[in-house]
Amino acid sequence: GHLAGGVAHDFNNLLFVIRLNTSMLVRQTQEPKVLEFAELIQQDVARAAHTATQLMTFSGRQPQHPRAYEITTLLADIQVLLQHAIGAEVDFRMELDEGVGAIEVDKTYFENALINLAVNARDAVAASAGRPGLVRIRVQSVQTAHAGAHRGWVHIAVHDNGTGMSAAIQARMMEPFFTTKAPGKGTGLGMGMVQRFVDQAGGVLQVQSALGEGTTVSLYLPPATRQAVADTREAAMLASGRESENVLVIEDELEVRNAVARVLMAAGYTVSAAYSPEVALEYLRQGLRPALILSDVRMPGKISALQMVDQLEAEGMLPAILFMTGYAPDGNLAQGLIAGRYPVVAKPVAAEVLLATVRQVLDGASVPVPA
C-alpha cells in the first residue's frame with residue numbers, strides 16, 4: 001500500500017505538469033492540428049490519471065472531494081469510456097429515468113466505480129459462451145429501506161447476462177486480491193474500490209447473482225442536499241486574476257512549481273515561489289504578503305505544511321490557503337486537512353479547475369474539502 005501510494009504520488013506530479021503545460025499550449029495557439037494533438041494528450045492524461053487513482057484508492061491515500069452533480073452530466077461524461085471498456089461486441093445499453101436529479105459524489109471515484117463494474121460485466125459476458133452478451137446500466141429514483149431508514153435513493157444498477165456467481169464466490173468478492181479471472185487478467189481490487197466509494201458516499205451496495213443467470217450490482221446513493229456544481233468551463237471564464245493579487249506557490253518539485261506558476265501568471269496573478277514550508281515562512285516573516293498560499297501537502301523539510309500554517313496563524317500572518325495533493329498524507333496532517341479547515345485540489349487537476357478554485361478561495365466562496 002505504501003509503495004502504491006508513493007508511486008501514484010510521483011506519477012500524478014508528472015501528469016500534473018503535462019496537463020498544465022498542455023493547457024498553456026492550447027491558450028497560445030489557434031492552429032487546428034496543434035489543438036487536435038493537444039486534445040489527444042489531455043485525453044491520455046485523463047486515462048493515466050484513472051490508473052493513478054486506482055493505485056491511490058488501493059493504498060488508502062486518495063482523498064475524496066464530493067460535490068453535487070446532475071446524474072445526466074456524470075453519465076454523459078463517462079458514456080464513451082464505458083462503451084470502450086465494454087467493447088463493441090457486447091450489446092451495451094444505458095437507461096436513465098427522467099427527473100433523477102443530482103448526487104453528491106467524488107466524480108473520479110464515481111467514474112472509476114462504474115468502469116470497474118462495466119469491466120467485470122464484460123468479462124462475465126465473455127466467459128458465457130453461446131449467447132449474445134448484454135450489459136445494461138439502469139438509473140432511477142426509488143423509495144426503499146436501506147441503512148435502517150425508508151427514504152429516497154438514486155439507484156444505479158449494472159446488469160449483465162453472463163455466467164453469474166455462486167454463493168461462495170459472492171461471499172469473497174470484496175476481499176483484496178481475490179479474483180476468479182485468469183492470471184494477469186484481474187487484480188482483485190476493483191470491487192473493494194467500488195465498496196469504498198459507496199461507503200464514503202453514504203450509500204449501499206447490493207449484489208444479486210446466480211450461476212447461469214447473470215449478475216446485477218446495485219448502488220444506492222443518497223440524493224444531493226445542495227445545488228449541482230456549474231460547468232467547469234463556465235467557472236474558468238471568471239477565474240482570471242488581478243496583478244495586485246500575489247499567490248505564493250510552495251512545491252518541492254521544480255517542474256510542478258514552474259508549471260503552476262506559468263498558469264497563474266498567464267491568468268494575471270503575480271507569483272512568488274518557495275520549495276519548502278520553512279522557506280515560505282521566512283519569506284512571510286520578511287514582509288511578503290500574498291493573497292493566497294497555494295501549497296503542496298507533503299514536502300521534505302524541517303516543518304510540515306500544516307505546521308507552517310499553524311505558525312502563520314499564531315503570528316497573525318495567515319492568508320487564504322489552498323492545498324494541492326497527490327494523496328492524503330499521514331495521520332495528523334491528514335486530520336488537519338480533512339477536518340474541513342482548508343480546501344484541497346487533487347493532482348493532476350486541470351488548469352481551468354485550478355484557476356477556478358483559486359478564484360473561489362480568493363473571493364471567499366465555499367470550496368469542498370476532502371472526505
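**Reading the packing**

Reply: Start with a helix pair. Helix α1 (residues 2-28) packs on helix α8 (residues 254-266) at an angle of about 30°, and their axes are 9 Å apart. Angles under 35 degrees count as roughly parallel, so α1 is roughly parallel to α8. Keep in mind that this is a predicted model.

Me: Why quote an angle and a distance?

Reply: Two packed helices are described by the angle between their axes and by the distance between those axes. Here, the crossing of α1 and α8 is also left-handed.

Me: Which residues of α1 and α8 meet?

Reply: From α1 come N13, F16, V17, L20, N21, M24 and R27. From α8 come E255, V256, A259, V260, R262, V263 and A266. By class, this contact of α1 with α8 has 9 nonpolar, 2 polar and 3 charged residues.

Me: At what angle do α1 and α12 pack?

Reply: Helix α12 (residues 351-362) and α1 pack at about 90°, with axes 9 Å apart. The range 65 to 115 degrees counts as roughly perpendicular, so α1 is roughly perpendicular to α12. On the α1 side, the residues are F16, L20, S23 and R27. They meet A351, E352, L354 and L355 in α12. That contact has 5 nonpolar, 1 polar and 2 charged residues.

Me: Now the interior. What is the general idea behind a nonpolar core?

Reply: In soluble globular proteins, nonpolar side chains tend to be buried together. In this model, the largest nonpolar core has 38 residues. I71, V105, F110, I156 and F197 have the most contacts inside it.

Me: Which elements give two or more residues to this core?

Reply: The helices are α3 (71-86), α4 (107-126) and α6 (190-200). The strands are β3 (102-105), β4 (134-146), β5 (149-160) and β7 (215-221). The largest share, 9 residues, comes from α4. A second, separate core has 25 residues, F16, V247, V349 and V358 among them.

Me: Is S276 buried or exposed?

Reply: The cut-off for buried is under 20% relative accessible area. At 4% relative accessibility, S276 counts as buried. S276 lies in the loop between β9 and α9. Leaving out residues up to four places away in sequence, S276 touches I250 and P300. The C-alpha atoms of S276 and D252 are 6.0 Å apart, although the two residues are 24 apart along the chain.

Me: And a residue inside a helix: where is A49?

Reply: A49 sits in helix α2 (residues 32-59). With 11% relative accessibility, A49 counts as buried. Beyond residues up to four places away in sequence, A49 touches L15 and P348. A49 and F11 are 38 residues apart in sequence, yet 8.5 Å apart from C-alpha to C-alpha.

Me: What about the whole chain?

Reply: The chain has 12 helices and 12 strands. Of its 371 residues, 49% count as buried. Among contacts between residues at least 6 apart in sequence, 74% join residues at least 24 apart.

How values were computed
Residues numbered from 1 in each chain as written. Predicted model: local features only at pLDDT ≥ 70, side-chain atom pairs only at ≥ 80, totals over all residues. Heavy atoms only, no water. Axes fitted to C-alpha atoms, helices over the stretch in contact; angles between N-to-C directions. Helix = DSSP H or I, 4+ residues; strand = E, 2+ residues; numbered from the N terminus. Parallel < 35°, antiparallel > 145°, perpendicular 65-115°, else oblique. Left-handed = near helix turned anticlockwise from the far one by under 90°. Contact = heavy atoms within 4.5 Å. Nonpolar A, V, L, I, M, F, W, Y, C, P; charged D, E, K, R; others polar. Core = buried A, V, L, I, M, F, W, Y, C linked by side-chain atoms within 4.5 Å. Buried < 20%, exposed > 50% of the residue type's maximum accessible area, 1.4 Å probe, protein only.
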